[in-house]
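Here is a short report on one protein model and its ligand. Please keep the structure open while reading.

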Amino acid sequence: MIILGIESSCDETAAAVVKDGCCIRSTVVSSQVQVHHRYGGVVPELASRKHIEAIVPVVDEALAEARLQLADIEAIAVTRGPGLVGALLVGFSFAKSLAYALQIPWVGVNHLEGHIYSVFIEPDPPSFPYIALLVSGGHTSIYYVTDHTSAELMGQTRDDAAGEAFDKVAKMLDLGYPGGHIIDRLAADGDCKKIKFPRPYLDKSDFDFSFSGLKTAVLRYITNHPRAFKKQIPDIVAGFQEAVLDVLSYKAIRAAAETGCDRIALVGGVAANSRLREKLTTDAGLKGISVHIPSLPLCGDNAAMIAGVGYHYIKAGMQGEWGDDVFSRSK
Ligand code: KG4
Ligand code: ZN
């Protein structure tokens with residue numbers, strides 16, 4: 001089955017053509033980073049307007065890259081939430097209208113299920129059940145995944161998401177937006193042991209996270225060293241990054257041990273972090289746990305992961321209804 005996936009939950013307009021839930025025929029992502037850069041974060045109203053401009057060319061490009069016509073598409077999968085409502089509505093309304101015009105089935109997909117699924121469009125997917133560590137700009141959660149359409153939430157952040165903490169620390173240090181990949185790069189030249197930051201929630205027996213105190217600790221360090229900090233940026237970001245990654249890695253591995261899973265999927269935008277990829281693979285490997293991580297283009301927001309989940313929903317007989325609406329937060 002050839003599915004057209006559409007994603008517009010935040011600041012990326014994306015479309016992809018995927019065959020049978022796993023074979024990517026094309027994937028196109030139009031990023032709005034340049035638009036939001038100067039504001040240091042995503043401006044929802046601007047995001048919606050940019051999605052409106054981009055949606056038709058992005059879908060056209062995905063079809064052209066797949067060497068297909070609209071008539072070849074058998075179903076449409078589209079992100080329904082969570083995300084920015086105005087942004088989601090652009091992709092969602094477009095997908096519904098296109099499905100209506102083509103008289104083909106369509107289904108709304110949870111963006112987080114999309115990220116969790118992203119390891120299945122790669123060569124070495126985990127078998128069920130597995131633990132998913134989902135780390136993105138809006139979410140930091142651990143799931144126990146038993147099949148393509150069910151994942152049990154074991155724990156999540158109580159305040160900032162990991163990606164949000166990276167972005168906010170980058171903003172404090174005036175490094176640019178989005179901050180994750182900038183910190184990733186700078187931290188490689190720093191010494192993570194020079195400045196010790198707290199490991200939030202490391203001792204707790206649950207699977208929740210909290211990164212806002214860590215962010216405040218970085219701010220306190222900057223305030224207490226108003227002149228010196230500028231020369232210490234690589235060490236500051238390396239120390240901060242290691243604190244975040246220690247907690248993420250520790251909790252994901254403990255979740256695997258507690259559920260008896262020997263597989264972890266690392267997914268979401270922060271899964272692009274080079275140190276996290278290396279650290280989790282090494283730490284988990286020492287316990288006999290394999291780690292499955294998507295290639296870099298499938299870590300960030302994309303529509304191939306949405307088409308992938310959509311395939312399993314449609315195969316299971318689930319379809320969208322015309323009255324369905326988008327949602328901003330996970331229920
Ligand atoms: O999954 P995603 O593309 O969008 C959401 O659904 O939120 O994740 C975006 C987040 C941003 O916070 C960005 O700074 C972070 O992923 N990110 C990274 C890296 N690349 C992107 N964080 C750390 N290291 C990276 N290399
Ligand atoms: Zn995402």
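A residue counts as buried under 20% relative accessible area, as exposed over 50%, and as partly exposed in between. His37 has a relative accessible area of 39%, so His37 is partly exposed. His37 sits in the loop between helix 1 (33-36) and helix 2 (44-65). Its C-alpha atom and that of Glu278 are separated by 29 Å. Along the chain, His37 and Glu278 are 241 residues apart. The model is predicted.

**The ligand site**

How many residues surround ligand 1? The count is 18, and the closest are Gly137, Asp167, Asp184, Gly269 and Asn273. By type, the shell divides into four nonpolar, eleven polar and three charged residues. Helix 4 (111-117), helix 5 (162-172) and helix 6 (180-187) each supply at least two residues of this shell.

| Side chain | Ligand 1 atom | Distance |
|---|---|---|
| Asp184 | nitrogen | 2.9 Å |
| Asn273 | nitrogen | 3.0 Å |
| Asp301 | oxygen | 3.2 Å |

Taken alone, ligand 1 exposes 560 Å². The protein buries 84% of that area.

Strand 9 spans residues 263-267. Is this strand mostly covered or mostly open? Mostly covered: five of its five residues are buried. In a regular strand, side chains alternate between the two faces of the sheet. On one side of strand 9 are Arg263, Ala265 and Val267, all buried.

Strand 9 pairs with strand 6 (residues 130-135) in the parallel sense, over four bridges. Here Ala265 is the bridge partner of Ala132. Strand 9 also runs parallel to strand 10 (residues 290-292), and three bridges join them. On that side, Ala265 has His292 as its bridge partner. Strand 9, helix 9 (residues 274-285) and strand 10 make a right-handed β-α-β unit.

**A hairpin**

Strand 7 (residues 140-147) and strand 8 (residues 150-156) pair in the antiparallel sense. Six bridges link them. Ser141 stands opposite Gln156 of strand 8. How many residues does the hairpin use to join strand 7 to strand 8? The hairpin joins them through two residues.

**Backbone details in loops**

Two cis peptide bonds deserve a look. One joins Gly81 and Pro82, with omega about -10 degrees. Pro82 lies in the loop between strand 4 (75-81) and helix 3 (85-102). Another joins Phe128 and Pro129, again with omega about -10 degrees. Pro129 is found in the loop between helix 4 and strand 6.

Positive phi values come next. Asp20 is not a glycine, yet its phi is near 50 degrees. Asp20 belongs to the loop between strand 2 (12-19) and strand 3 (23-31). Is Asp20 buried or partly exposed? Its relative accessibility is 30%, so Asp20 counts as partly exposed.

Arg67 is not a glycine either, and its phi is positive at about 55 degrees. The loop between helix 2 and strand 4 holds Arg67. Arg67 has a relative accessible area of 77%, so Arg67 is exposed.

Terms used: Residues are numbered from 1 along each chain as its sequence is written. Chains are lettered from A and ligands numbered from 1 in the order in which they are written. This is a predicted model: local features need pLDDT of at least 70, side-chain atom pairs count only at pLDDT 80 or more; totals for chains, interfaces and linings use all residues. Side-chain values use heavy atoms; hydrogens and water are left out. A residue is near a molecule or strand if one of its heavy atoms lies within 4 Å of it. A polar contact is a pair of N or O atoms within 3.5 Å; within protein, one must be able to donate a hydrogen and the other to accept it, and residues adjacent in sequence count only if both atoms are side-chain atoms. Accessible areas come from the Shrake-Rupley method with a 1.4 Å probe; for residues, only the protein chains shown count as cover. Ala, Val, Leu, Ile, Met, Phe, Trp, Tyr, Cys and Pro count as nonpolar, Asp, Glu, Lys and Arg as charged, and the others, Gly among them, as polar. Buried means under 20% relative accessible area, exposed over 50%, partly exposed in between (1.4 Å probe, protein chains only). Two strands pair if DSSP finds at least two bridges between them. A crossover is right-handed if, with the strands pointing away from the viewer, the path from the first strand over the helix to the second runs clockwise.
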